[in-house]
Every structure is written in C-alpha cells, then in structure tokens.
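Here is a short briefing to read alongside the model. Have a look at the sequence and structure first, and then we will go through a few local features together.

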Amino acid sequence: MNKLYTASVTAQGGRDGHIKSSDGILDFELKRPKELEGQGGATNPEQLFAAAWGPCYLGALGSIAESEGVDVSEATVNVQISFNKDGKGFALSADLDVHVPGLSHDETQRLADLAHKTCPYSKATRGNIEVRVTAV
C-alpha cells in the first residue's frame, strides 16, 4: 500500500474530551450526547464518523457514476451512525440513505451499492458493523 495522505488527530479525555488535528484546523470539545447520559451541546465520535464517511462515500459514488456517464453532482447521502448495546457490550451500526435527483430508485440503488463496494470507509467497516445502504 502506498500512503498518499495521513491525517493526525490527538484525542484527550475520551467522550467528554477534546480533539485537535496536527494542523490545528480541527480543534474542539467532545461531549457525550444526552441520549448516552451526557450533557450534550458538543459533537461526539458518532457525528464525526458520519461526517467523515459521507463525503468519502459521495466521492466513490461520483467515480462510479462518472465511469458510466451518469451525473450525480447533486447527490446527497444522509449517514446515520448509531451507538448500540449488544450482547457483548457496545457496537456501531450505520444507515446510508442515498438520493440522486433525476435518477430512478432502482438506478440509484444500483449505483449506491457499487459505491458501497469501493468507498474506503465502507471497506473499513465491511464485516465489522451492520450497514444498510438505501436509495431514497
């Protein structure tokens, strides 16, 4: 594998802590959401994961669509990352709702599934968490 770019972020204090990237662009507090008995009012790891996966996924969708001559420049993906309790402790799950204006539901689902096969975040989670990709 040939590394093209490496992001570096330092985390301190866990879910009620602070994160800062090595370039200082990312620099903010984290708080557990109220739903997890936290005080809320700040971002959390699940939001950050969703925020990172969405643009990466749309990049994969764009590459797939471009190779087929399909315009997905107005596509959106709503990424929902859930923090779940399972029999072994805790686990994440994800729902990706993909919308491509002007494409049929079936064509959107086909492209969405192909993008899920190639997106680096999708690859990283494959077999590790439950993921649902749905054309909406």
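Cysteine 56 is partly exposed, with a relative accessible area of 21%; here buried means under 20% relative accessible area, exposed over 50%, and partly exposed in between (1.4 Å probe, protein chains only). This is a predicted model, in which local features need pLDDT of at least 70 and side-chain atom pairs count only at pLDDT 80 or more, while totals for chains, interfaces and linings use all residues. Residues are numbered from 1 along each chain as its sequence is written, and side-chain values use heavy atoms, with hydrogens and water left out.

**Cysteines**

- The closest cysteine sulfur to that of cysteine 56 is in cysteine 119, 3.7 Å away, which is too far for a bond.
- Cysteine 119 is buried, with a relative accessible area of 0%.
- The structure holds 0 disulfides, a disulfide being a pair of cysteine sulfur atoms within 2.5 Å.

**Aromatic rings**

- There are 3 aromatic pairs, counted when rings of Phe, Tyr and Trp (its six-membered ring) have centres within 6.5 Å; planes under 30 degrees apart count as stacked, over 60 as edge-to-face and the rest as tilted.
- Phenylalanine 49 and tyrosine 121 make a tilted pair, because their ring centres are 6.3 Å apart and their planes are at 40 degrees.
- This pair links distant parts of the chain, 72 residues apart: phenylalanine 49 lies in helix α1 (residues 45-67) and tyrosine 121 in helix α3 (residues 120-125). Helices (H or I, at least four residues) and strands (E, at least two) are DSSP runs, numbered from the N terminus.
- Tyrosine 121 is partly exposed, at 31% relative accessible area.
- Ring pairs join Phe49, Trp53 and Tyr121 into a cluster.

**Around phenylalanine 90**

- Phenylalanine 90 stacks with phenylalanine 83, at 5.1 Å centre to centre and 25 degrees between the planes.
- Phenylalanine 90 counts as exposed at 56% relative accessibility, whereas phenylalanine 83 is partly exposed at 30%.
- The charged end of lysine 85 sits over the ring of phenylalanine 90, 5.0 Å from its centre; this requires NZ of Lys or CZ of Arg within 6 Å of the ring centre and within 35 degrees of the ring normal.

**The sheet**

- An open sheet is formed by 3 strands in the order β1-β2-β3, with antiparallel pairing; two strands pair if DSSP finds at least two bridges between them.
- The edge strands, β1 (9-12) and β3 (27-29), each pair on one side only.
- Strands β1 and β2 (residues 18-21) are joined by 4 bridges, and glutamine 12 has histidine 18 in β2 as its bridge partner.
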